[in-house]
Amino acid sequence: MPEQMFFAMEVILNGLMAGVLYALVALGFVLIFKASGIFNFAQGVMALFAAMTFVGIQNGQVPFSHLINAVFGTHIHYFGWEVHSILAIILTIGVMILLAWAVQAFVFRHLVGQEPIILFMATIGLAYLLEGVADLMWGSEIKKLDVCLAEGTCLPQGMNLAFDEFSARVFDQPFGMFIDNLDITATIIAILLVTALVMFSQYTKQGRAMRAVADDHQAALSVGVSLNYIWILVWSVAGFVALVAGIMWGAKSGVQFSLSLIALKALPVLMLGGFTSIPGAIVGGLIIGVGEKLFEFAIGPMIGGATENWFAYVLALIFLVFRPQGLFGEKIIERV
Amino acid sequence: MFYREAGDFSTTYPQDSQTFPIRFDRYRYYVVLAVALLVLPFVMTDYLVNSIFLPFLIYAIAAIGLNILTGYCGQVSLGTGGFMAVGAYACYKLMTAFPDVNIFFHVILAGGITALVGTAFGLPSLRIKGFYLAVATLAAQFFLVWLFNKVSWFYNYSASGQINAPERTVFGVPVTGANTDAWATYLFCLVFTVGAALLARNLTRGAVGRQWMAIRDMDIAAEIIGVNPLKAKLTAFAVSSFFVGVSGALFFAVYLGAVEVGEVFGITKSFLVLFMIIIGGLGSIFGSFAGAAFLVVLPVVLKIVGVDMLGWPTDIVAHFQLVIVGALIIVFLRYEPHGIAQLWRVAKEKLRLWPFPH
């Protein structure tokens, strides 16, 4: 097997892994869009907020400590304890549910029936607000994120040696393929998450109600489904998905502002897959992940590199011109 | 008391269809113009011009441009930063390639070039609608910034990758470069801002403006009554990009002087201008000014209150600014979706009947 082919395969594999992470963020978008027609631009900032809250709770940071210190001239920073990862995850989920309630109670309850584009702009405002609150609460410096279930069993990082050796032997190369352990874990967790979401929406009462609301608001309302409750539920689930995405991205590259930019990367994923389809989000994520890595590998060096910044958008743009509803989206029917 | 049409008779059609039909309104407009042209240049200081007036005037042009596209034609764009970069780089290339031509024409030409680029990126809008289009304009934003970063022809192969505005004069007075006077740069930008506002106001009152609004309100219905969506949407993109390009050129040449594209014309700039028109008022020229003024003055006020008076660290004040801007967007969308311009309209209605509202 020629060397170029071997490298290309490695690029494709890494692209698939990156695509899984994009799909994780895109999943949160799809959930909210299906249930309430809100295109939630703040999903990426929610991931950032969740990851920061998780790290903050884990390290026993005092919330708003910078602000308190600035106002009262004190010097408090930490409570002085460390919280176990699982407990921290549970507490963060609690915070995300609280956030879901607040978003519903103060913002979107009052915007029901507005045009979709107004709702979209409201979520941009929400993104700014949430980012400011996250920075005020936990400080804006880059934080390291570790998830440890017990002493010594943390989220694995670094190269997967077994796969490295295996691929070197199979393809008869001096070096194997580089795959990050974290990416493998992320893939497994993503598969578990999607399975859990599908089970939840197929087999539980709340899941059925969620699907009913997604199908037809008014019909669901008329058979006694509480829209308000379902919307809070959906935002909570999206918050949970954001937490998972935030932990994965945070473990990969540290918890920092650029985390919220992955939300922007999730947008072309959605456009490709269609706003209303969970499988679409996953397939779209994989296509974008593989596409941008391959393009950077094959054509990037010729035109100056760093094409990953825009390739996904341009691909989605070209794709949309031919199929405006995305790969798996429902056909857009317009009436006067 | 003053603001009413009673006793104000129109005897000709041009009188009836003028921009400010009410006499008090008209005089108010003349007074504002006179103050801006004849009084402010004499009291202008470097601090005032750099922290408030130049950004206000330049952002007002960009906001008018985006308002034409988003507020009047209903096409949400997140690519404003990218189009401003096109204006800036076009202006730079023209300034260095034709040093003898007056900078005034360079700025106009830069707007024209941006209009061409904007029209090209507007083409997909014929098939893509709503947020699909909003996301598609992100392609313009990221692609253009990348292009200006990577292709060294655009920054004349300079080692730093920056573009620097050389000194250019208007009537012998320098308006770009290092040795400018506050009043000169202020007046230079003011001319463009007033021109842009006049042009935009009259375009949106005319046939093409009515077509844009028809497309915004319901594009299929507009098509059925004979509005050509291809023409309407592309003219909106072209006119909007023209204004955005002019503002980008001024932002680079007059205001900053040196530009690194990723920092200055990034995605945050696109959001900033979008926020200006949401807070100011979608579909209103006055709203573009109000929103630009608000978002230019807010950080200055916050800095004075937070850093200078309360003595807080600058990063906390910056975070507060994010919170306030985000919360304001939500508050405006919730209580007054038409922004400051609508508050102004309501106030005018009240004034008309004041002090006897019945």
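## Contact between chains A and B

In this predicted model, 40 residues of chain A are in contact with 38 residues of chain B. Four helices of chain A each supply at least two residues of the side that touches chain B: H3 (65-72), H5 (116-138), H11 (262-273) and H13 (311-322). H5(A) gives the most, with 16 residues. Sorted by class, the side of chain A that touches chain B holds 30 nonpolar, seven polar and three charged residues.

## Confidence in chain A

Chain A has a mean pLDDT of 81, and 92% of its residues reach 70 or more. Within chain A, confidence is highest in helix H4 (residues 85-106), at a mean of 89. Strand S1 of chain A (residues 148-150) is where confidence is lowest, at a mean of 63.

## Helix H1 of chain A

Helix H1 of chain A covers residues 3-36, a run of 34 residues. From its first C-alpha to its last, H1(A) reaches 49 Å, which is close to the 50 Å expected at 1.5 Å a residue.

A:Phe6 is found in helix H1 of chain A. A:Phe6 has 18 C-beta neighbours inside 10 Å and so counts as partly exposed, because a buried residue needs 20 or more and an exposed one has 12 or fewer. In sequence, A:Phe6 and A:Trp235 are 229 residues apart. In space, the C-alpha atoms of A:Phe6 and A:Trp235 are 43 Å apart.

## Overall form of chain B

Chain B has 358 residues and a radius of gyration of 21 Å. This agrees with a compact globule, because a globule with 358 residues would have a radius of gyration near 21 Å. Taken along the principal axes, the C-alpha atoms of chain B fill a box of roughly 70 × 55 × 45 Å.

Buried residues make up 46% of the 358 residues in chain B. Among contacts in chain B between residues at least 6 apart in sequence, 76% join residues that are at least 24 apart.

## Domains and secondary structure of chain B

Chain B contains 15 helices and four strands. The chain is divided into two domains: domain 1 takes in 1-7 + 21-40, and domain 2 takes in 44-266. The C-alpha centres of domain 1 and domain 2 of chain B lie 29 Å apart.

Notes. Residues are numbered from 1 along each chain as its sequence is written. Chains are lettered from A and ligands numbered from 1 in the order in which they are written. This is a predicted model: local features need pLDDT of at least 70, side-chain atom pairs count only at pLDDT 80 or more; totals for chains, interfaces and linings use all residues. Domain bounds come from an automatic or database domain assignment. The radius of gyration is taken over C-alpha atoms; the globule rule is 2.2 Å times the number of residues to the power 0.38. Two residues are in contact if their C-beta atoms, placed from the backbone, lie within 7 Å. Ala, Val, Leu, Ile, Met, Phe, Trp, Tyr, Cys and Pro count as nonpolar, Asp, Glu, Lys and Arg as charged, and the others, Gly among them, as polar. pLDDT is the predictor's confidence in each residue, from 0 to 100. The expected span of a helix is 1.5 Å times one less than its number of residues.
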